[in-house]
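Please read this briefing alongside the sequence and the coordinates.

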Amino acid sequence: MKQSKTYCVKGVGDHVKCPWCKGLSIRYGLNKAKKQRFRCKLCCKTFLINYTNQAYRNSTNTKIINHLKESCGISSISRLIHVSKQTVLTRILKMAKHLKRPPVTFGMTYEIDEQHTYIQNKETGEIWITYAFCRETKRVVDFIVGDRTKMTMKTVIDFVLLSNPIKVYTDGLGNYKSLIPKFLHSTRRRATNHIERQNLKNRTDLKRLGRSTICYSKSAALLSACLRIYFWG
Ligand SMILES: [Zn+2]
């Protein structure tokens, strides 16, 4: 009772406006840290006046995306925007889940390639990112994180084939020959120059894809989520 007296100043609720709808708010008990909560009479959302962490702000998600694309790891983002590491992680996974790939355009030229990286460490965590790059739109249309087997690569190739491509260029890897029809497929020398350049760009822009580093992703799901945000966010 003593604590509630300290925080529940008489009449405070009358002057506090809801941060979302600017409606009138009333006092609504204390939170675990014994801070006064408020509840909006109009939209019924609850809020505090001063939050300890800044994750509640609307700009947090945009900041996380921007920092992620500028080669920042989870810890650096956490330090830069004053949000806990766990929150950064949760937000990345949540945002990636809601991102949609760009709409399919028919009759385009595609290049498909695999990029090599690791999960956790170099000894046990070898992993490949197989992805398709559209020459005309200069965008990544689909990707998958996994091993370099036909089964894994098939999902990306099937997606490209469904969009009725003019030509699909790949390197000389044997898996492609059985997955892509001969009349569409080409392994011509220097035909994959665009996607090779994109490979370099990925390594420069995403810290976790660096070659000599100790900052590899902790899990394939997190790597996949970061790539989703980087390509389509
Ligand atoms: Zn409100």
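In this predicted model, the zinc ion takes its protein donors from C18 (SG), C21 (SG), C40 (SG) and C43 (SG), which lie 2.2 to 2.4 Å from the ion; donors are N, O and S atoms within 2.8 Å of the metal (3.2 Å for Na, K and Ca), and sites may look incomplete since water is not among the atoms. Because the model is predicted, local features need pLDDT of at least 70 and side-chain atom pairs count only at pLDDT 80 or more, while totals for chains, interfaces and linings use all residues. Residues are numbered from 1 along each chain as its sequence is written, and side-chain values use heavy atoms, with hydrogens and water left out.

**Zinc site**

- The four donor atoms subtend angles of 98 to 124° around the zinc ion, and the arrangement is therefore tetrahedral, a class that requires all angles of four donors to lie between 85 and 135 degrees (four donors count as square planar and six as octahedral if opposite donors are over 155 degrees apart and all others between 65 and 115, and anything else is irregular).
- Along the sequence, the donor residues follow the spacing C-x2-C-x18-C-x2-C.
- C21 counts as partly exposed at 32% relative accessibility, whereas C40 counts as buried at 0%, where buried means under 20% relative accessible area, exposed over 50% and partly exposed in between (1.4 Å probe, protein chains only).

**Three-stranded sheet**

- Strands β1, β2 and β3 form an open sheet in the order β1-β2-β3 with antiparallel pairing, and its edge strands, β1 and β3 (46–47), each pair on one side only; two strands pair if DSSP finds at least two bridges between them.
- β1 and β2 are joined by four bridges, with F38 in β2 as the bridge partner of R27, and the hairpin that they form has five residues between the strands, including K34 in the turn with a positive phi of about 60°.
- β2 and β3 are joined by two bridges, with F38 standing opposite F47 in β3, and this hairpin also has five residues between its strands, C44 in the turn having a positive phi of about 65°.
- In a regular strand the side chains alternate between the two faces of the sheet.
- In β2, the covered face holds Q36, F38 and C40, and the uncovered one holds R37 and R39.

- Another open sheet has five strands in the order β6-β5-β4-β7-β8 with mixed pairing, and the edge strands β6 (139–146) and β8 (185–186) each pair on one side only.
- Strand β4 (residues 109–118) runs parallel to strand β7 (residues 167–169), to which three bridges join it, and K167 in β7 is the bridge partner of T109.
- β4 runs antiparallel to β5, with nine bridges between them, and I112 stands opposite A132 in β5.
- β5 pairs with β6 in the antiparallel sense over seven bridges, W128 stands opposite G146 in β6, and the hairpin of these two strands has four residues between them, with K138 in the turn at a positive phi of about 60°.
- Helix α8 (residues 193–205) lies across β4, β5 (126–134) and β6, running at about 35° to β4, and helix α9 (residues 220–232) packs on the sheet, touching β4, β5 and β6, with its direction at about 175° to that of β6; axes are lines fitted to C-alpha atoms, for helices over the stretch in contact, and angles run from 0 to 180 degrees between N-to-C directions.

**Burial in β5**

- Eight of the nine residues of β5 are buried, so the strand is largely enclosed by the rest of the structure.
- T130 is found in β5 and is buried, with a relative accessible area of 0%.
- Not counting residues up to four places away in sequence, T130 touches I112, D113, E114, D142, F143, I144, M153, V156 and Y176, where contact means heavy atoms within 4.5 Å.

**Domains**

- The domain assignment gives domain 1 (9–47), domain 2 (60–98) and domain 3 (109–232), with bounds that come from an automatic or database domain assignment.
- The C-alpha centres of domain 2 and domain 3 lie 24 Å apart, and 14 residues of domain 2 are in contact with twelve residues of domain 3.
- T204 lies in helix α8 and counts as exposed at 57% relative accessibility, while its C-alpha atom is separated by 9.7 Å from that of K69, 135 residues apart along the chain.
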